[in-house]
Amino acid sequence: MSSDNRGAQIDHARLDALRRGRGAVQEHVIDELVAGNLSRRDFIRRGTMMGLSIPVLGGILEAYSSPAAASTSRRVASSVLRASAPRQGGTITAGLLAPTGSINPLTINDEGGLELLGNVGEFLVFIDQQNRYHPWLATSWSANANATVWTFKIRQGVKFNNGAPMTVDDVVYSFKTQCNPKGVANALSVFGGTLLPEGVVKVDDTTVAFHLTQADGGFLDAVTEDNYNMIIVPNGYDYANYEKDFIGTGRFIVKSYTPGVGAVLARNPHYWGTKAVPAEVQLTFYAEESAMTSALEAGSIDCMDQFSVAVSPQLLTGGFNVISLKASTHRELSMRNDLHPFTSKYVRQAIAYTLDRPAIVHALFKGQAQVGNDSPFAPVFPQTVGPPAVPQRKKDLALAKKLLAKGGVPRGFKTPFVTEQVQEMPAFAQIVAQSAKAIGVDIALTVEAQNKYYGSAVFGKSDWLDGEMSLVDYGARSVPNVFLEAPLQSINAKTGQGSWNAARFNDPRYNTLSKQYIAAVDLSVQRRLAKQIELLLLDETPIIYAYFYNYLSATQKNVKGVYPTAQGQFFLWNASKS
Amino acid sequence: MSRMGAEALTVPPAPSSPKAAPEGAAGAIDVSAKRIRREHLGQLLKSWSFRIGGAVLLFWIVCAIFGQAISPYGPLDQNLLLVNAGPSGAHWFGTDSLGRDVLSRVIVGSRDILVIAPIATLLGTALGAAVGLVQGYFGGVVDNLVGRVVEAVLALPVIIVAFLFVVAAGPSTSTLIIVIGVVFALLISRTVRTAVLQERELDYVAAARLRDESSVHIMFVEILPNVLGPIVVEFTVRLGYAIFTVATLSFLGFGVQPPTPDWGADIAANSGYLAAGYWWETLFPALAIASLVVAVNLVSDSIEAVVNQ
């Protein structure tokens with residue numbers, strides 16, 4: 001039970017009135033709040049996810065509790081989607097990492113590209129920095145009881161930036177194209193195994209329904225900007241032409257675009273809602289972070305999309321506004337569960353017990369990270385149980401040596417360890433090697449360029465997936481589903497399950513639990529399953545999760561309204577300079 | 001050398017060359033060669049540039065051999081609670097991003113570069129001398145054929161050629177030695193070829209042919225000793241370049257793997273922190289490379305000056 005719900009004053013008559021007409025899933029969320037199983041914050045998050053509108057959420061909180069809670073809901077209502085009124089106009093200059101390929105909503109998969117896309121196109125639902133869901137091109141949504149059908153009401157009166165109206169047909173076309181398994185869509189990494197084109201159904205002129213191939217309590221995330229490819233384009237649109245017209249419904253239009261150099265965005269005169277604050281945004285592309293940081297330091301740009309402590313620690317010294325978002329971004333240190341001596345869970349545990357996680361967070365991130373507990377349940381996820389119910393793993397060399405002996409290698413062993421040349425990863429790998437040395441494990445480290453490390457990204461042709469010990473990077477997600485599936489579920493070549501299982505972890509108990517978790521709609525059920533998964537992974541330790549680090553963006557001191565998300569978006573429509 | 005005395009009777013005198021000994025007696029030539037070597041050594045030892053260069057070089061060789069014993073800390077020892085600490089009494093060169101002592105890493109980091117660069121240069125010199133001898137001695141089609149191949153490879157910058165080879169073969173100490181050795185061999189072969197072209201026209205080579213000596217014998221026993229001067233100079237000059245090449249490849253991530261201390265790799269790993277003000281992590285390994293290259297060049301210039309007298 002969350003502490004902030006204790007002693008709540010409930011106006012049952014009003015609450016009953018607000019419950020009337022809600023679906024079973026929405027009613028359950030309200031019940032969870034009243035039962036004290038959800039904090040107000042989690043109630044807002046879960047409520048928006050399950051389609052309760054902000055006014056309804058506010059009403060429920062007012063009926064349930066104190067004025068303070070109601071003001072929370074009002075703050076939510078004044079979301080980032082509403083551009084702030086003051087200081088309209090002006091030009092914002094922003095640095096982005098250079099898009100690595102052509103800007104095509106179907107295929108784009110890099111940070112710079114998706115950031116440009118996110119300022120020009122729009123999604124059905126907006127997920128904010130606190131992982132709360134807000135209406136965007138969809139005005140409301142709901143899921144059936146087992147989360148296999150999700151229904152969305154589409155906003156009316158929206159126009160594309162060429163002046164044409166947006167309709168449900170455009171929404172249906174966009175989704176059918178992006179989830180077509182015969183196509184080349186990057187979004188298949190999200191929709192694969194969950195949504196097929198025939199599952200995208202136009203219900204009427206204002207409603208679209210998604211019939212999933214399997215229950216997915218976290219499907220809403222797939223229609224937000226987290227699934228960055230999923231902007232809405234006109235029915236029948238040829239995605240290959242995107243760089244010619246940059247079609248979208250967003251607050252900006254593209255005035256000019258030069259690949260590898262930059263782009264100029266202007267306020268969209270056809271925008272359906274509150275228009276962007278800056279009249280113009282000048283985007284400059286940088287090949288690498290250090291150059292972008294130098295540009296910010298020199299005052300050449302007003303803001304930069306992302307920086308890392310490893311490359312740009314000077315930005316943390318106080319001269320800039322730093323936007324630090326707790327995130328699920330992490331590294332996964334896989335140990336081949338099918339190869340001696342990592343076949344023994346005790347050996348895997350021993351390696352994990354050598355790591356001083358708070359010291360690692362201090363050294364590598366200057367505190368801009370949270371320690372991990374050898375499961376992908378990051379502290380930022382509301383489903384995460386964590387300590388004390390799931391004990392936090394700490395450095396214990398004596399225990400590590402005992403475990404090594406129990407695992408059959410009391411004198412240690414030699415093993416190769418491969419990783420990629422990305423941000424702090426080589427440094428972390430060296431910490432692992434030096435830490436393991438304390439218990440007699442001799443790790444021979446190889447640091448490779450990222451493309452060599454990934455190889456073909458399939459088993460047998462990838463140092464990442466084939467190495468005895470392998471350290472790989474994972475970006476942030478709003479829900480842990482991807483982290484629970486590809487790297488941890490048993491490998492099944494026919495279905496594609498476990499396609500990133502570098503550890504070759506193969507545990508039927510885990511497969512069942514993770515599938516139950518993904519299908520679960522109810523937060524309390526998810527938490528119960530999460531606890532079991534956390535405990536199981538802590539015991540088996542197929543992968544070491546040492547930390548989850550914050551997503552960092554920086555602006556000049558006089559810049560306000562820049563809105564990054566931990567999943568890599570960089571929204572500039574509210575940006576202004578004083 | 002044993003036949004050189006007989007040949008020298010017909011060779012025009014050239015004061016600094018062994019083949020130019022004034023008299024025909026073998027003993028006299030040996031004595032003369034020893035005397036010349038002694039003179040050269042004496043001249044070198046009198047040279048300030050040689051002394052300074054040699055002292056610095058000797059210092060790094062001592063570090064390479066006894067690094068672990070004389071460094072104040074273990075070069076791999078991490079202190080995660082004392083990262084990026086500036087120079088102090090406890091850490092003269094400060095600590096790096098993993099809390100390792102920079103001075104200790106600089107001292108021990110001399111080992112790889114001082115193993116790889118000289119061996120690679122030696123390999124390159126041996127290969128280059130052999131190729132240059134063949135080209136220069138045979139001339140004609142062989143010279144043209146090998147010459148075009150060499151020119152084709154050298155049309156690209158040396159570092160790019162080495163980079164391509166290392167990428168293809170995968171980074172390792174032996175790969176670095178072979179790649180740098182082969183690339184430098186091509187450069188050295190051109191110098192040796194030029195020297196051999198002059199030598200092969202001399203009478204002592206003609207005399208050897210008249211005696212029906214094999215080509216291998218003439219190249220490696222008759223001509224080689226007479227082109228040793230330029231080869232030695234090439235070796236010392238190329239050694240400086242080899243140090244730079246090793247450091248550059250390490251900087252690019254194609255040298256020894258972390259956490260092994262290595263100047264180039266440490267500069268690459270820490271250069272990102274320069275803008276943050278952590279200058280010591282980059283400056284000291286860079287100074288180490290610079291001092292070693294300057295030292296080798298001082299020694300090489302001194303040798304070249306003496307040989308060319």
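This note goes through some local backbone and cysteine features of the structure.

1. The structure is a predicted model, in which local features need pLDDT of at least 70 and side-chain atom pairs count only at pLDDT 80 or more, while totals for chains, interfaces and linings use all residues. Residues are numbered from 1 along each chain as its sequence is written, chains are lettered from A and ligands numbered from 1 in the order in which they are written, and side-chain values use heavy atoms, with hydrogens and water left out.

2. Across all chains, a search of the whole structure finds zero disulfides, a disulfide being a pair of cysteine sulfur atoms within 2.5 Å. A:Cys179 is buried, at a relative accessible area of 1%, and A:Cys303 is buried at 0%, where buried means under 20% relative accessible area, exposed over 50% and partly exposed in between, with a 1.4 Å probe and protein chains only.

3. In chain A, a cis peptide bond with omega about 0° joins A:Pro387 and A:Pro388, and A:Pro388 sits in the loop between β14 (369-371) and α13 (397-406); helices (H or I, at least four residues) and strands (E, at least two) are DSSP runs, numbered from the N terminus.

4. In chain B, the peptide bond from B:Pro258 to B:Pro259 is cis, with omega near 10°, and B:Pro259 belongs to the loop between α11 (228-251) and α12 (263-271).

5. A:Ala147, a residue other than glycine, has a positive phi near 60°; A:Ala147 lies in the loop between β4 (138-143) and β5 (149-154) of chain A and is buried at 0% relative accessibility.

6. A:Phe246, also not a glycine, has a positive phi near 45°; A:Phe246 falls in the loop between α9 (242-245) and β8 (252-258) of chain A, and its relative accessible area of 4% makes it buried.
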